[in-house]
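The following paragraphs lead the reader through one protein structure.

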Amino acid sequence: MLIGDCVWLLRCIFRLRRAGLGWQLAVGAFTAAQIAGLVLVVFFRTRNHGLQFLFTTPVLACIYLWHFLFIIPLMITWLPLLVGKLSVRLARILAGLKRAPVVESAPEVSRRDFIRVAACAAPALLTGGVTAFSLRQLQHFRIRKIDAPIAGLPPALDGLTIAHVSDLHVGQFTHGSILDEIVEATNALGADLVLATGDLINLDLKDLPAGLSVISRLRAQHGVFMCEGNHDLFENPVEFRQRTRSAGVRLLVNENAVVSIRGTPVQLLGLPWGSGIGPPHDVANRGENAIATAVRKLLLQRQPGAFPILLAHHPHAFDHAEKIPLTFAGHTHGGQLMATGELGCGPMMFRYWSGLYRDASRALIVSNGVGNWFPLRTAAPAEIIHLTLRSA
């Protein structure tokens, strides 16, 4: 990304000089601010360095959006062109040839340069508008009602309601009054169960008290239960689990809990993230093999006669839980950046990314999540799912 910042700066300065425009200082200041912001976010975000006042939501949103939405795509587009140009120039040098001057009329050069400058500078201008839009978006979520037909559902559980609250990501983009609104909206549903499927916090354990406050204030007739997500474990997995349990939260990590609902035992099984050991961002710890192994180990705790519900942060756990009729998951954020419900980042990265999925007698519920690690969503709104179980 830093290379992308520098390439963009050099191209803009070259085009501005060629067009005779004096905006180099402004472009340089913008790029310097973006580079400094990226360095601070990457290297100092989780350290106690006294610079936290710099990480306001608008500043962070601008840094994230500039680099993820513009610099990375621009580098993917520009790099082949730059390599091609350098190859041509190198070939000319090796052949001992000099590039012939190109003579064009002044008006044609002026129009062409103006278009080039505008195309080069447009991302910087668009970043401001997209940032403003994203800041408003961070304060909104929806209640998504889903009816899930379940084959073999015990008759007493027909009509059971579950509030699915996933991916709060309490931290840089989800904090303050929106947390109170999430609690109020969830409790207003009057659900029989509240299930949270991981990523309570975004990165830092300093945000854990605010996250635990949310979970502790959620209310359901038969309890609130939670599994862990990868973001929960970034700083210190052991400390996250210890502090969460000490707060009285029913965190299930390779564990189960049985509750009696309308005289019927319901077993809640909480899947650890990946293998449950090692760095949460390690591919070996979060890949398909790790998920499959964790599911097999957890299902050894199945109690005959109880209706099982699996809490899994990653939705691909569904494929390894063949005998579990109902699975809840998050992690995908609904695809985060989607063109439509079926086209975008979701299906590019996951087999299941949003809503209800059915396979024979089983069902999977994937939440878009109610919080945000990234400041912008398109066609994947933040949500709390209100699920009602129905006999198939």
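A residue is called buried when its relative accessible area is under 20%, exposed when that area is over 50%, and partly exposed in between. Glutamate 288, at 30% relative accessibility, therefore counts as partly exposed. The model under discussion is a predicted one.

The whole chain may be considered before its parts. The protein chain contains ten helices and twelve strands. It has 392 residues, of which 48% count as buried. Among the contacts with a separation of 6 or more, 74% are accounted for by residues 24 or more positions apart.

The interior comes next. In soluble globular proteins, nonpolar side chains tend to be buried together. In this model, the largest nonpolar core has 30 residues, and those with the most contacts inside it are Val165, Leu200, Leu208, Ile215, Met226 and Phe240. At least two residues of this core come from each of α5, β3 (193-197), α6 (208-217) and β4 (224-227). A second, separate core comprises 27 residues, including Leu157, Leu268, Phe328 and Ile385.

Which residues does leucine 200 touch, not counting residues up to four places away in sequence? Its partners are Leu168, His169, Val170, Leu208, Gly211, Leu212, Ile215, Met226, Asp232 and Phe240. Leucine 200 is also among the residues with the most contacts inside the largest core.

Met1, Phe68, Ile72 and Ile76 make a nonpolar surface patch of about 350 Å². One of these residues, phenylalanine 68, lies in helix α3, which spans residues 57-95. Phenylalanine 68 counts as partly exposed because its relative accessibility is 36%.

Helix α5 (residues 177-188) contains glutamate 181. With a relative accessibility of 35%, glutamate 181 falls into the partly exposed class. When residues up to four places away in sequence are set aside, glutamate 181 touches Gln139 and Phe141.

Side chains of opposite charge can pair when their charged atoms come close. A search of the whole structure finds 13 salt bridges. In one of them, the side chains of aspartate 192 and arginine 262 meet at 3.4 Å, N to O. Aspartate 192 lies in the loop between α5 and β3, and arginine 262 in the loop between β6 (255-261) and β7 (264-270), so this pair ties together parts that are 70 residues apart in sequence. Aspartate 192 is buried, with a relative accessible area of 8%, whereas arginine 262, at 43% relative accessibility, counts as partly exposed.

Another salt bridge joins arginine 351 to glutamate 288, with the closest N and O atoms 3.1 Å apart. This pair links distant parts of the chain, 63 residues apart: arginine 351 is in the loop between α10 (345-349) and β10 (355-359), and glutamate 288 is in helix α9 (residues 288-298). Arginine 351 counts as partly exposed, at 40% relative accessibility, and glutamate 288 is partly exposed too, at 30%.

Lysine 206 and aspartate 204 also form a salt bridge, and their closest N and O atoms are 3.8 Å apart. Is lysine 206 buried or exposed? Lysine 206 counts as exposed because its relative accessibility is 52%. Aspartate 204, by contrast, counts as buried, at 3% relative accessibility. Elsewhere, Arg142, Arg144 and Glu383 are linked in a network of salt bridges.

Asparagine 372 lies between β11 (362-366) and β12 (383-391). Why does asparagine 372 count as buried? The reason is its relative accessibility of 4%, since buried means under 20%. The side chain of asparagine 372 makes a polar contact with the side chain of arginine 377, at 2.9 Å. Not counting residues up to four places away in sequence, asparagine 372 touches Leu138, Asp167, Leu168, His169, Phe173, Thr174, His333, Gln336 and Arg377. Of these, Leu168 and His169 are also touched by leucine 200.

Conventions:
Residues are numbered from 1 along each chain as its sequence is written. This is a predicted model: local features need pLDDT of at least 70, side-chain atom pairs count only at pLDDT 80 or more; totals for chains, interfaces and linings use all residues. Side-chain values use heavy atoms; hydrogens and water are left out. Helices (H or I, at least four residues) and strands (E, at least two) are DSSP runs, numbered from the N terminus. Buried means under 20% relative accessible area, exposed over 50%, partly exposed in between (1.4 Å probe, protein chains only). Contact means heavy atoms within 4.5 Å. A polar contact is a pair of N or O atoms within 3.5 Å; within protein, one must be able to donate a hydrogen and the other to accept it, and residues adjacent in sequence count only if both atoms are side-chain atoms. Patches are made of residues with over 30% relative accessible area and no salt bridge: like charges are joined within 9 Å, nonpolar side chains (Val, Leu, Ile, Met, Phe, Trp, Tyr) within 5 Å. Accessible areas come from the Shrake-Rupley method with a 1.4 Å probe; for residues, only the protein chains shown count as cover. A salt bridge is a side-chain nitrogen of Lys or Arg within 4 Å of a carboxyl oxygen of Asp or Glu. A nonpolar core is a set of buried Ala, Val, Leu, Ile, Met, Phe, Trp, Tyr and Cys residues joined through side-chain atoms within 4.5 Å.
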